[in-house]
Structures are given as structure tokens and as C-alpha cells.
Amino acid sequence: MQPIRPVEWIPDSTRSLVPGHVRLIDQTLLPVELRHIDTVSTEAIWQAIRTLQVRGAPAIGIAAALGVAAAAQERRHEGLDPLRAAAERAADYLATSRPTAVNLFWALERMRRAVRAIPGNTRAEDAAELLVREAVAIRDEDAAMCRAIGLHGIVLLHDGITVLTHCNAGALATAEFGTALAPIYTAHERGWRISVYSDETRPLLQGARLTAWELRKHGVPHTLICDSMAGSLMAQGKVNRVFVGA
């Protein structure tokens with residue numbers, strides 16, 4: 001299954017992570033258009049989080065961590081102290097983008113600890129590399145957790161089952177595989193016959209715009225329904241499980 005990565009670090013070369021840039025999927029344009037934002041701007045990443053171009057708690061945390069690393073990278077030619085100061089300023093600024101996002105503050109605090117742990121005799125170029133590696137590790141760890149959720153959650157499913165989903169807790173909300181959708185994707189990879197009813201999820205239509213787009217891209221049989229249809233489908237016995245992000 002080709003992974004969907006809503007936020008990632010793209011190095012300029014294969015030799016090193018630095019220099020590089022942050023790549024985001026602009027989720028406000030889905031499902032009509034798949035467009036990427038390539039940036040090293042703290043302001044652009046703040047705006048992306050604020051306006052839901054990147055959304056979902058894990059993806060927000062990853063974007064913020066990469067934003068701190070990008071800010072540090074841009075000061076790597078000025079010395080270690082300016083680099084550290086830029087990273088701290090970026091963390092403080094990005095914390096104001098979404099006050100309710102727990103992963104945002106967790107990831108930013110982890111990046112702050114990484115900044116403060118850099119030895120004073122470290123070359124600024126090497127310090128930038130260390131911070132990018134820390135941010136990329138946050139992304140990679142989330143991807144591994146999502147895979148683990150799929151492996152553990154598949155015990156709730158069986159061949160031929162029908163699942164109802166609400167909102168979007170798939171790859172677009174995480175590093176690449178999803179949380180609530182992970183068991184569905186795992187079952188699909190194993191060749192199980194899994195079908196999905198996806199609630200539209202008003203008012204922002206995350207189900208209609210994002211979950212349905214993901215499921216189609218991965219080849220998972222699905223039907224988009226308006227929110228008010230869910231109760232009727234369950235009353236008819238057409239829904240075996242309900243998966244939501246929470």
C-alpha cells in the first residue's frame with residue numbers, strides 16, 4: 001500500500017538531512033486537488049496548522065517539530081547560539097498555532113529538550129542535523145505506533161466485516177498509516193474483505209473530504225453517507241463496528 005505522508009522532511013541530497021525542507025499536504029484542497037507545500041518558514045507552518053492545512057493531533061505535532069528543526073537549520077551558518085535561539089523562538093511561536101492540540105505541546109517540548117541538550121562545543125551545522133534527526137524521529141515513531149495500532153486492532157475485525165467511521169483518523173491525521181483507520185488498512189493489506197461506511201462529519205466534512213479520499217486511494221471499498229444516515233444503517237444491522245478517533 002503506497003503510504004500517504006501528510007508531513008515529512010525532504011533533504012536536498014542523499015548525503016545528509018541538512019539542508020532540507022518541510023513538505024505538507026494542503027488538506028484544505030482535498031479531495032479536489034492534491035497539492036504539497038514545500039517550506040522552511042516557521043510562519044508558513046504556523047499558518048498551515050492554524051488553518052487546518054495540516055490537521056490531526058499526531059500530524060500537527062510532527063509539523064511543529066519539523067518547523068523547529070527548519071528554523072534551526074536556517075541559522076546554521078551563524079553559529080550555535082543564534083541557532084539555539086532561533087529554535088527556541090520557533091517553538092514558542094508554533095505553540096500559539098493550536099492551543100488545544102496536546103501533541104503540539106508534547107512535540108515542541110521534546111524539541112526544546114533536544115536544543116538544550118546540544119553540547120556547547122558542537123558545530124552549528126552538526127547541531128542543525130541533530131535537531132532535524134530528532135524531528136524526523138518523532139515522525140518515524142508515530143508511523144511505527146500507527147502500524148502497531150493496526151496490528152493490535154485487527155483482532156476487532158474479521159473477513160467480510162463492515163465498519164462505520166466518523167471524522168478522519170487515518171494517514172492524513174498522523175505520520176502515514178492512521179490510528180482508527182489502521183486496523184482497516186491492516187486487514188485490507190491481508191486481503192480481507194472489509195467495507196466501510198464513512199460519515200461525512202459536519203461541519204468541516206473530514207469524512208467526506210479526507211476519509212473517503214484516503215479509502216479510495218488505498219482501494220478499500222467504501223460508501224460515503226450523510227451523518228444522519230448512520231442510525232438507520234445500524235438499525236438495519238448493516239454496521240458491524242464503529243471506529244472513531246478520540
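I started at cysteine 226, which is partly exposed, with a relative accessible area of 27%. (Buried is under 20% relative accessible area, exposed over 50%, partly exposed in between; 1.4 Å probe, protein chains only.) The model is predicted, so local features need pLDDT of at least 70 and side-chain atom pairs pLDDT 80 or more, while totals for chains, interfaces and linings use all residues. Residues are numbered from 1 along each chain as its sequence is written, and side-chain values use heavy atoms, with hydrogens and water left out.

Next I looked up cysteine 167. Cysteine 167 is also partly exposed, at a relative accessible area of 26%.

I then looked for disulfides (pairs of cysteine sulfur atoms within 2.5 Å). I found zero. Cysteine 226 is in none; its nearest cysteine sulfur, that of cysteine 167, is 16 Å away. For cysteine 167, the closest cysteine sulfur is in cysteine 146, and at 15 Å it is too far for a bond.

Cavities came last. I used a 1 Å grid over the protein atoms alone, and a cavity is a set of points where a 1.4 Å probe fits but cannot get out; lining residues have an atom within 4 Å of a point. Points join across faces, edges and corners, and volume is the space filled by probe spheres set on them. I counted one cavity of 30 Å³ or more.

I listed its lining, which includes Cys167, Asn168, Leu181, Thr211 and Phe243. Strand 4 (162-166) and strand 7 (241-244) each give two or more residues to that lining. (Strands are DSSP E runs of at least two residues, numbered from the N terminus.)

Note on methods
On a 1 Å grid over the protein atoms alone, a cavity is a set of points where a 1.4 Å probe fits but cannot get out, and a pocket is an open set with protein on both sides within 12 Å along at least five of seven lines; lining residues have an atom within 4 Å of a point. Helices (H or I, at least four residues) and strands (E, at least two) are DSSP runs, numbered from the N terminus.
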